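Trainee: Could you take me through one part of this model at close range? I would like to follow a salt bridge and then the strands around it.

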Amino acid sequence: MYDAVLLDRDGTLIEDVPYNGDPGKVRPVPGAREALDRLRAAGLRLAVVSNQSGLARGCFTAEDLRRVNARVEELLGPFDSWQVCPHGEPDRCACRKPAPGLVHAAARALGTTPTRCVLVGDIGADMAAAAAAGAAGIMVPTPATREAEVAAAPTVAADLPDAVATILGRMRLVAAPEPAPRRGTVLVARSDAAGDVLVTGPGIRAVAAGAERVVLLCGPRGRAAAELLPGVDEIIESPLPWIDAPAPPVDPAAMRALVDRLAAVRADEAVVFTSFHQSALPLALLLRMAGVPRISAISDDYPGALLDVRHRVPVGVPEPERALSLAASAGFALPAGDEPGLRLRADRLPPAPAAAGEPGYVVLHPGSSAETRACPFELATRIVRVLSAAGYRVVVTGGPDERELTAEVAAAGGLDLGGRTGLGELAAVVARAGALVVGNTGPAHLAAALGVPVVSLFAPTVPFGQWGPYRVPTVRLGDAGAACRDTRAMRCPVPGHPCLSAVEPGRVLEALRLLGVPAGAPEPLVAVPGGVVG
């Protein structure tokens, strides 16, 4: 999971003394040395990433800073790299957090990539820098940390030792099992929508690495995504009334037919992937009736004889890691060299669309199957207007039932591709984008699988740490502490959609600049079947 842990200095490793240039005032936070030694013993490299604007302000000298950092190492042990930003906020440098420059520099110095790093810090700027680089983030709040920053953090720990325990616990969850003989046919299941199927990809690839044949059971809404997943040899499409929403009535004849289809697979075993709020037991019962001899799934409920491997996962684990941990508990691991991020089958994507000049346009996907997770119409229109005026070429995408929405949004200065792309074509459009602006919906995970930066207009109805874009540079916008937080509501429970409607379009512009996405010349674009041309 991780090669390195990056740590903020003041407030995280040592008590925060503003603009400190005196080594005698260095006081480690409780348990710091023991926690860091646990990371070192686990083989993780350590780096400090610290804003030190006191240099620019003249509060201390470079020699004072060197002496303070030396005292930190004397008390806490050696670090493999120190990355310090000496600039003040007016300098608008690329290294001062929340910019991701220090994270990128630390990863380079440690011989790794940001996606294999986790940053521990005490304020929102630390979390923003980690996310903008594609690294994981864990916040350890202090009394000075603002409530809004805590609410927006992907993961929150009580203190530094707790943050270290979280890191090591997540690594253990997905640790490669002992080598096992290659298995025969394995049936994997992941129902629900396209995004749900995409975030299960790492777990399915792990199963595929240890199986002769992988058959994926998915629902109609996830079929297009299933077609794009590496490692899948065959797909069975069937709705599951205990998963789908709105839930259709249970049809006994359809369930008997599904049991017959599952039996015809002659699977040697099954791995049932679910989201954190779903039960694997109804499908496990059908698999038992189909004669599957070994079944693995996550279940907090007592499974009786339905499961051979009953796996449990702590609350808050990102969905891709949740799936990967189930695969590991069933005896499957990703092969060496396969990063645990999201991926697509390149051979299943249509040809990349032509675009005016070089790729680099910004895709705005305003819609969602859930009202709560969509970008409000007025905000989407203003985003297009502001980005277009700033020189960005904006492409607006949406499904067949969103044509009217995308047409009105694109009229503010973008190109309308609403209803003109299936999931594969949408992937091809996103693949050539400089960034995607989107809510918490399937295309966000599509961008993560393609390595395209995301400006995430994330409604907090579900936890960002579990459902945010995974291992890809991201800037989160929206009110993380809104009244709809953790409700899992499909329709907005608060009039006016305040968690997103209060976002200023200028924040999207700032996010693109933070992600390093340059504006191109605003040349005209026209839509053609299967692509975009100038």
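Mentor: Let's start with Glu269, which forms a salt bridge with Arg183, the closest N and O atoms being 3.0 Å apart. A salt bridge here is a side-chain nitrogen of Lys or Arg within 4 Å of a carboxyl oxygen of Asp or Glu. Glu269 lies in strand S9 and Arg183 in strand S6, so the pair ties together parts that are 86 residues apart in sequence. Strands (E, at least two residues) and helices (H or I, at least four) are DSSP runs, numbered from the N terminus.

A word on the source: this is a predicted model, in which local features need pLDDT of at least 70 and side-chain atom pairs count only at pLDDT 80 or more, while totals for chains, interfaces and linings use all residues. Residues are numbered from 1 along each chain as its sequence is written, and side-chain values use heavy atoms, with hydrogens and water left out.

Now, are the two partners buried or exposed? Glu269 counts as buried because its relative accessibility is 3%, and Arg183, at 18%, counts as buried too. The cut-offs are under 20% relative accessible area for buried and over 50% for exposed, with partly exposed in between (1.4 Å probe, protein chains only).

S6 (residues 183-189) and S9 (residues 269-272) run parallel and are joined by 4 bridges; two strands pair if DSSP finds at least two bridges between them. Val188, for instance, has Val271 in S9 as its bridge partner.

Stepping back, the open sheet has 6 strands in the order S8-S7-S6-S9-S10-S11, with parallel pairing. Strand S8 (234-237) and strand S11 (309-311) stand at the edges with a single partner strand each, so one side of each is left without a neighbour in the sheet. From one strand to the next, the twist averages 20°. Helix H9 (residues 201-209) lies across S6, strand S7 (211-218) and S9, running at about 150° to S7. Contact means heavy atoms within 4.5 Å, and axes are lines fitted to C-alpha atoms, for helices over the stretch in contact, with angles from 0 to 180 degrees between N-to-C directions.

For comparison, look at Asp126, which forms a salt bridge with Lys97, the closest N and O atoms being 2.7 Å apart. Asp126 sits in helix H5 (residues 124-133) and Lys97 in the loop between strand S3 (81-85) and helix H4 (101-109), so this pair ties together parts 29 residues apart in sequence. Asp126 and Lys97 are both buried.
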